[in-house]
Amino acid sequence: MYCPFCRNTDTRVLDSRATEDGCSIRRRRQCAQCGRRFTTIEQTQLVVMKRSGVTEAFNRQKVIDGVRKACKGRPVTEAELARLGQKVEESLRASGQAEVPTQDVGVAILGPLSELDPVAYLRFASIYKHYESAQDFVDEIERMETEGSVTD
């Protein structure tokens, strides 16, 4: 770990604590050379496995950008999209898997998106649930009405 002030590599940990959400560790460090203190946050790497077999680091912004397309023309704010992205990341981390398939990321989006906007949910679900006909949409809307997910 480099000191952010003098770039020395010799630092020591003074204190370690889990963050409130339990997903990362906060460490208070001190540089052996300049004596200044600084804080680091360590978090496990969450990796997404694509259908092609290629893996890449999870990117919350990609989730938000994908959902933004489904929300085009809908009354959804950037703050709501950011919260949705955070919920998705938290649920994926809570699964305990370090490597998740892209399909699981899409499924993790569906729950929070259905609460946020039913129309955007249907747009997004049509891709991840592989709708092939108009009847698939009708069936999904009926399911949503039965569960109380759709408001008049």
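Student: What is the strand order in the open sheet with mixed pairing?
Tutor: The order is E5-E4-E6, an open sheet of three strands. Keep in mind that this is a predicted model.

Student: Which are the edge strands there?
Tutor: E5 and strand E6, residues 99–101. Each of them pairs on one side only. Neighbouring strands of this sheet are turned by 30° against each other on average, direction ignored.

Student: How many bridges join E4 to E6, and are they parallel or antiparallel?
Tutor: Three bridges, and the two strands run parallel. For a landmark, take Val48, which stands opposite Val100 in E6.

Student: What sits in the loop between E4 and E5?
Tutor: Lys50 is found there, between strand E4 (47–49) and strand E5 (55–57).

Student: Is Lys50 buried or partly exposed?
Tutor: Partly exposed, because its relative accessibility is 31%, and the buried class stops at under 20%.

Student: What does Lys50 contact, leaving aside its sequence neighbours?
Tutor: Glu56, Lys62 and Thr102, once neighbours within four places are set aside. Gln103 is worth a look too: 53 residues away from Lys50 in sequence, with 8.3 Å between the C-alpha atoms.

Student: Now the other sheet. In what order do E1, E2 and E3 come?
Tutor: E1-E2-E3, an open sheet with antiparallel pairing. Strands E1 (11–18) and E3 (37–43) have a single partner strand each, so one side of each lacks a neighbour in the sheet.

Student: How many bridges join E1 to E2?
Tutor: Seven, running antiparallel. Val13 has Arg29 in E2 as its bridge partner.

Student: And how many join E2 to E3?
Tutor: Seven bridges, again with an antiparallel run; E2 covers residues 24–31. Two positions to check: Arg26 stands opposite Ile41 in E3, and Ser24 has Gln43 in E3 as its bridge partner.

Student: How many residues lie between E2 and E3 in the hairpin?
Tutor: Five. Gly35 is in that turn, with a positive phi of about 80°.

Student: Switching to helices. Which residues of H1 are buried?
Tutor: Val63, Ile64, Val67 and Ala70, in a helix that spans residues 60–70. They sit on the same side of H1, because they cover an arc of only 115° around the axis.

Student: What do the buried residues of H1 pack against?
Tutor: Three helices: H2 (78–94), H3 (102–116) and H4.

Student: What about Arg60, buried or partly exposed?
Tutor: Arg60 is in helix H1, and it is partly exposed at a relative accessible area of 32%.

Student: What does Arg60 touch?
Tutor: Gly85, Gln86 and Glu89, not counting residues up to four places away in sequence. Arg37 is another matter: 23 residues from Arg60 along the chain, with 30 Å between the C-alpha atoms.

Student: Where is Val119?
Tutor: In helix H4, residues 118–128. Val119 is partly exposed, with 35% relative accessible area. Its C-alpha is 8.0 Å from that of Arg74, 45 residues away along the chain.

Student: Rings next. How many aromatic pairs does the structure hold?
Tutor: One. Tyr131 and Phe137 form it, edge-to-face, with 4.8 Å centre to centre and 80° between the planes.

Student: Why does that angle count as edge-to-face?
Tutor: Because planes over 60 degrees apart fall in that class, and these are at 80°.

Student: Is Tyr131 buried or exposed?
Tutor: Tyr131 counts as buried, at 15% relative accessibility. Phe137 is partly exposed, at 31% relative accessible area.

Student: Last one. Which ring has the charged end of Arg36 over it?
Tutor: The ring of Phe5, with the charged end 3.8 Å from its centre. Arg7 does likewise with Tyr2: its charged end sits over that ring, 4.6 Å from the centre.

Conventions: Residues are numbered from 1 along each chain as its sequence is written. This is a predicted model: local features need pLDDT of at least 70, side-chain atom pairs count only at pLDDT 80 or more; totals for chains, interfaces and linings use all residues. Side-chain values use heavy atoms; hydrogens and water are left out. Helices (H or I, at least four residues) and strands (E, at least two) are DSSP runs, numbered from the N terminus. Buried means under 20% relative accessible area, exposed over 50%, partly exposed in between (1.4 Å probe, protein chains only). Two strands pair if DSSP finds at least two bridges between them. Rings of Phe, Tyr and Trp (its six-membered ring) pair if their centres lie within 6.5 Å; planes under 30 degrees apart count as stacked, over 60 as edge-to-face and the rest as tilted. A charge sits over a ring if NZ of Lys or CZ of Arg is within 6 Å of the ring centre and within 35 degrees of the ring normal. Contact means heavy atoms within 4.5 Å. The arc is that of the directions from the helix axis to the C-beta atoms. Axes are lines fitted to C-alpha atoms, for helices over the stretch in contact, and angles run from 0 to 180 degrees between N-to-C directions.
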